Amino acid sequence: MTSTRLLSDLRAVRRTILVANQKGGVGKSSIVAAIAVAVALRGKRVLVVDADQQGNCTVRDLGVADSDDGRSLAMTLQYGSALEPVRDVRPGLDVVCGGKLLAMAGTVVTNAEQHGIDPRQNLLVALSALVDSEGYDLVLIDSGPGDRGVLDLLLQVVSWLIVPTKEDDASIDGAELLARRYLWARKNGAMVELMGMVLFDCNPRAVRRNEDTLGKIMDLLEGTGIEPFKNFIRQDKAAALDSRAFHRTAEELIDFAPPRNGDGADSDDQPSKKWSRDTEPLATDYQKLTREVLVRLAAGERAKEGV
């Protein structure tokens, strides 16, 4: 192994956060979009990498109109080509799109060694080059729930991991499976660190039930020294429907009014009905979580610099 390869194996892309759970529907895409938009709205440069072949973060949450369906990311993994983000999806926010073309990524990763391909190194080099050239302050990666090979690869490239979960047993089980992949990655030299687990889509009034779920999360984190995130994301079905219908985060929906009839309303891309009356409580949850993530990120960076 050359010294260059050895150094690359010990690297992670700075300020890159993977949001993952091996169960779908636990808020990964929504959390990535909300944090990304919140940070970009406050004048920072943010990159979102949608590594999910469903592409929900790209299309549904952020409303990227000219998505490449995951082509750029798939080409990077297989051939080491440069990542090509869609620029200024919001001011200061770029997106490497996800989508159906990532379906082949799992096969590429699984069969990489026998074909002389190193998709992990390909992504590490391409992502590092893009971050360095564009000066992103934060990179957020949304992962798909099912492809373990791609998940393992991402865990070897990022510097931080956030695990969202709902209160149901299937979501907790998905988080536990993800925790095993995280420990496997760490055992094999990955520099990723677990930032925490966050409770998603919960009822703020169900105090005892939420405490029970947090207890299960604490059991999963036992011995790691990591605390669950103090801030959770409440259940708001109307706001969730509007977020994806209008491709806006809860924060962006606060002052948003859909077009009136006759102004392009009721098209496939622009419905006229807004179901949520007040998204500010949900937006506040996301803002509090964003602040907590940034505080933990800063503290983690200081700790790493002190080593």
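Analyst: In this predicted model, Asp 152 counts as buried, because its relative accessibility is 9% and the limit for that class is under 20%. The side chain of Asp 152 meets that of Arg 181 in a salt bridge, with 2.8 Å from N to O. Asp 152 belongs to helix 7 (residues 148–155) and Arg 181 to helix 8, so that the pair links distant parts of the chain, 29 residues apart. Arg 181 likewise counts as buried, at 13% relative accessibility. In general, side chains of opposite charge can pair when their charged atoms come close.

Helix 8 is the part to follow from here. Helix 8 covers residues 169–187 and packs against helix 9 (residues 207–220) at an angle of about 15 degrees, the two axes lying 11 Å apart. Helix 8 is therefore roughly parallel to helix 9, since angles under 35 degrees are placed in that class. The crossing of helix 8 past helix 9 is right-handed. On the side of helix 8, the contact is made by Asp 169, Ile 172, Ala 175 and Glu 176; helix 9 contributes Thr 213, Lys 216, Ile 217 and Leu 220. As a rule, an α-helix has 3.6 residues a turn, so residues three or four places apart point the same way.

Another residue of helix 8 is Ser 171. Ser 171 is buried, its relative accessible area being 0%. Leaving aside residues up to four places away in sequence, Ser 171 touches Asn 21, Lys 23, Val 26, Thr 165 and Lys 166.

Arg 209 forms a salt bridge with Glu 167, and the closest N and O atoms are 2.8 Å apart. Arg 209 is in helix 9, whereas Glu 167 is in the loop between strand 6 (160–165) and helix 8; the pair links distant parts of the chain, 42 residues apart. Arg 209 is partly exposed, with a relative accessible area of 43%, and Glu 167 counts as partly exposed at 27% relative accessibility. Elsewhere, salt bridges that share partners join Arg 45, Arg 87, Asp 94 and Glu 134 into one network.

To place these pairs in the whole, the structure holds 17 salt bridges. One of them is formed by Arg 14 and Glu 301, with the closest N and O atoms 3.5 Å apart. Arg 14 lies in the loop between helix 1 (3–9) and strand 1 (16–19) and Glu 301 lies in helix 12 (residues 280–306), so this pair ties together parts that are 287 residues apart in sequence. Arg 14 is exposed, with a relative accessible area of 52%, whereas Glu 301 is buried, with a relative accessible area of 11%.

The buried residues of helix 4 (residues 71–79) are Ser 72, Leu 73, Ala 74, Thr 76 and Leu 77. Gly 80 follows helix 4 and has a positive phi, near 75 degrees.

Definitions and conventions: Residues numbered from 1 in each chain as written. Predicted model: local features only at pLDDT ≥ 70, side-chain atom pairs only at ≥ 80, totals over all residues. Heavy atoms only, no water. Axes fitted to C-alpha atoms, helices over the stretch in contact; angles between N-to-C directions. Helix = DSSP H or I, 4+ residues; strand = E, 2+ residues; numbered from the N terminus. Parallel < 35°, antiparallel > 145°, perpendicular 65-115°, else oblique. Left-handed = near helix turned anticlockwise from the far one by under 90°. Contact = heavy atoms within 4.5 Å. Salt bridge = Lys/Arg side-chain N within 4 Å of Asp/Glu carboxyl O. Buried < 20%, exposed > 50% of the residue type's maximum accessible area, 1.4 Å probe, protein only.
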